[in-house]
Amino acid sequence: MQSRHVRTDRHSSRMNLSRASRWIWAAATVTVAATRIAVPTLAEPAADMPACFSAAALAGKPEEKAPQKGVHTYDQMPKRTPVASFMPVPYGLRGAIRRVALADPSRKLVALTFDMCEQPGERAGYDGAIIDYLRRENVKATLFVGGKWMRSHAERFEQLLDSPQFEIGNHSEAHRNLRLLDGQPLADEIEGPQRAYEAARASLLARQCRPAAQPPERLGLFRFPYGACNPQSLAAVNDAGLLAIQWDHSTGDPSPGQSAKAIANGMIRETTPGSILIAHANGRGWHTADALPIAIPKLRAMGFEFVTVSELLASGKPETVERCYNMHPGDTDKYDHFHASLTSKPARSAGSKEAPQ
Ligand SMILES: [Zn+2]
């Protein structure tokens with residue numbers, strides 16, 4: 001039998017924001033608001049243990065990409081069990097983060113982010129062509145994953161957790177418009193993914209295999225569905241210990257009219273050092289998988305280096321705003337009209353870069 005070790009001392013290789021900004025957290029006079037749960041433990045893997053996932057298991061399948069409508073299997077949210085402890089986001093990091101002013105101008109760091117959203121009444125897709133490309137080219141990225149997506153794609157999500165190049169962020173439970181929620185429904189959207197994440201993490205750590213990554217106990221980053229927030233939901237996210245991460249360049253990939261070349265050209269033209277880019281890997285990114293092999297080699301040739309959002313934040317000062325928006329202040333407020341119902345479908349505006357995120 002192998003001896004058992006608590007893995008907390010090995011989490012440092014996968015940096016999250018609370019670690020990146022440890023000095024800020026330490027200085028904050030805040031109260032720990034939740035009870036710490038037991039940390040999953042793992043039998044120390046033997047050197048000859050197999051990797052947790054084979055190359056064949058990791059390979060994406062084209063049929064996984066298309067979202068399936070009329071699937072209600074995962075609509076029911078799990079019970080409200082306690083989640084890992086956290087501290088509210090302190091002053092200076094509160095607000096919506098759009099990009100980072102880098103401390104060292106000689107390094108052209110950029111964070112590529114992919115949203116993996118899933119609404120009630122559907123099972124969203126898994127865009128394996130994107131993930132496979134990022135793995136093949138060793139491109140770091142941050143994936144904002146919905147709690148419902150984590151549960152409906154349990155095996156794929158554990159694979160992503162076991163990939164050191166990917167950082168996982170919280171993209172709400174079921175992609176509701178948080179501007180329209182308050183009280184318990186708002187708390188559920190924010191806390192649900194942490195619950196699903198902890199379950200997936202425990203499942204990964206219980207496997208009898210040699211993990212490639214050491215996922216942290218808690219998600220530290222949040223992305224608002226549709227990029228839409230109001231002061232109340234923004235405060236609730238920050239109070240839940242999550243940094244609100246937006247973007248300074250949208251690929252516009254939810255719009256079917258956006259070609260791979262147009263997406264790539266936009267990325268090449270608008271990426272600057274410290275940028276945060278948004279795209280989708282849940283089957284709702286049109287032509288994204290074809291755009292990346294055009295844009296990424298070019299950006300690398302221009303000297304850009306792809307890092308996770310937490311690594312970007314640790315490399316400079318986040319630029320925050322008080323309002324969430326896509327391209328212009330106020331441009332995400334319109335989703336209030338489309339999403340008054342919790343089960344309504346996202347609006348599409350073909351050819352527009354302002355399609356729902
Ligand atoms: Zn989304």
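1. Let's start inside the fold, with helix H6 (residues 154–161). Six of its eight residues are buried, so H6 is largely enclosed by the rest of the structure. The buried ones are Arg156, Phe157, Glu158, Gln159, Leu160 and Leu161.

2. Two stretches call for care. Over residues 1–40 pLDDT stays under 50, and the model has 70 contacts beyond four places in sequence for them. Residues 341–354 also stay under 50, and for these the model has 27 such contacts, again beyond four places in sequence. Where pLDDT is low, the predicted coordinates should not be read in detail.

3. Now the overall picture. The protein chain holds 12 helices and 14 strands. Of its 357 residues, 49% count as buried. If you take the contacts between residues at least 6 apart in sequence, 86% of them join residues at least 24 apart.

4. In soluble globular proteins, nonpolar side chains tend to be buried together. Here the largest nonpolar core has 80 residues, and Leu143, Leu242 and Ala244 are the members that touch the most others. Helix H7 (residues 183–206) supplies the largest share of this core, with seven residues. Which residues does Leu143 touch, once those up to four places away in sequence are set aside? They are Phe114, Met116, Leu160, Phe166, Ile168, Gly169 and Ala281. One of these, Leu160, is also among the buried residues of H6.

5. Have a look at Gly146, in the loop between S7 and H5. Is Gly146 buried or exposed? Gly146 has 29 other C-beta atoms within 10 Å, and the cut-off for buried is 20 or more, so Gly146 is buried. Leaving out residues up to four places away in sequence, Gly146 touches Met116, Cys117, Glu118, His171, Ser172, Glu173, Ala174, His175 and Pro193.

6. Gly146 and Ser172 are 26 residues apart in sequence, yet their C-alpha atoms are 5.1 Å apart in space. Ser172 sits in the loop between S8 and H7 and counts as buried, with 31 C-beta neighbours inside 10 Å. Its backbone is worth checking too: phi of Ser172 is near 70 degrees, a positive value in a residue other than glycine. Most residues other than glycine have a negative phi.

7. Tyr226 is another one to check, with a positive phi near 60 degrees in a residue other than glycine. Tyr226 lies in the loop between strand S9 (221–222) and helix H8 (231–239). With 28 other C-beta atoms within 10 Å, Tyr226 is buried.

8. Helix H4 (residues 128–136) has Gly128, Ala129, Ile130, Ile131 and Leu134 buried. What do the buried residues of H4 pack against? Their partners are strand S5 (108–116), S7 and H10. After H4 comes Asn138, which has a positive phi near 55 degrees.

9. H10 also takes part in a helix pair. The axes of helix H9 (residues 260–270) and helix H10 (residues 288–301) come within 8 Å and cross at roughly 30 degrees, and the crossing is right-handed. On the H9 side, the contact is made by Ala260, Lys261, Ile263, Ala264, Met267 and Ile268, and H10 brings Thr288, Asp290, Ala291, Ile294, Ala295, Lys298 and Leu299. By type, the residues of this contact are nine nonpolar, one polar and three charged.

10. Last, Ser315, in the loop between helix H11 (309–313) and strand S14 (316–321). Ser315 is partly exposed, with 19 other C-beta atoms within 10 Å. Ser315 and Ala101 are 214 residues apart in sequence but 8.3 Å apart in space, C-alpha to C-alpha. Setting aside neighbours within four places in sequence, the contacts of Ser315 are Val100, Leu102, Ala103, Asp104 and Leu109.

How values were computed
Residues are numbered from 1 along each chain as its sequence is written. A nonpolar core is a set of buried Ala, Val, Leu, Ile, Met, Phe, Trp, Tyr and Cys residues joined through C-beta atoms within 7 Å. A residue is buried if 20 or more other C-beta atoms lie within 10 Å of its own, exposed if 12 or fewer, and partly exposed in between; C-beta atoms are placed from the backbone. Helices (H or I, at least four residues) and strands (E, at least two) are DSSP runs, numbered from the N terminus. Two residues are in contact if their C-beta atoms, placed from the backbone, lie within 7 Å. pLDDT is the predictor's confidence in each residue, from 0 to 100. Axes are lines fitted to C-alpha atoms, for helices over the stretch in contact, and angles run from 0 to 180 degrees between N-to-C directions. A crossing is left-handed if the near helix is turned anticlockwise from the far one by less than a right angle, and right-handed if clockwise. Ala, Val, Leu, Ile, Met, Phe, Trp, Tyr, Cys and Pro count as nonpolar, Asp, Glu, Lys and Arg as charged, and the others, Gly among them, as polar.
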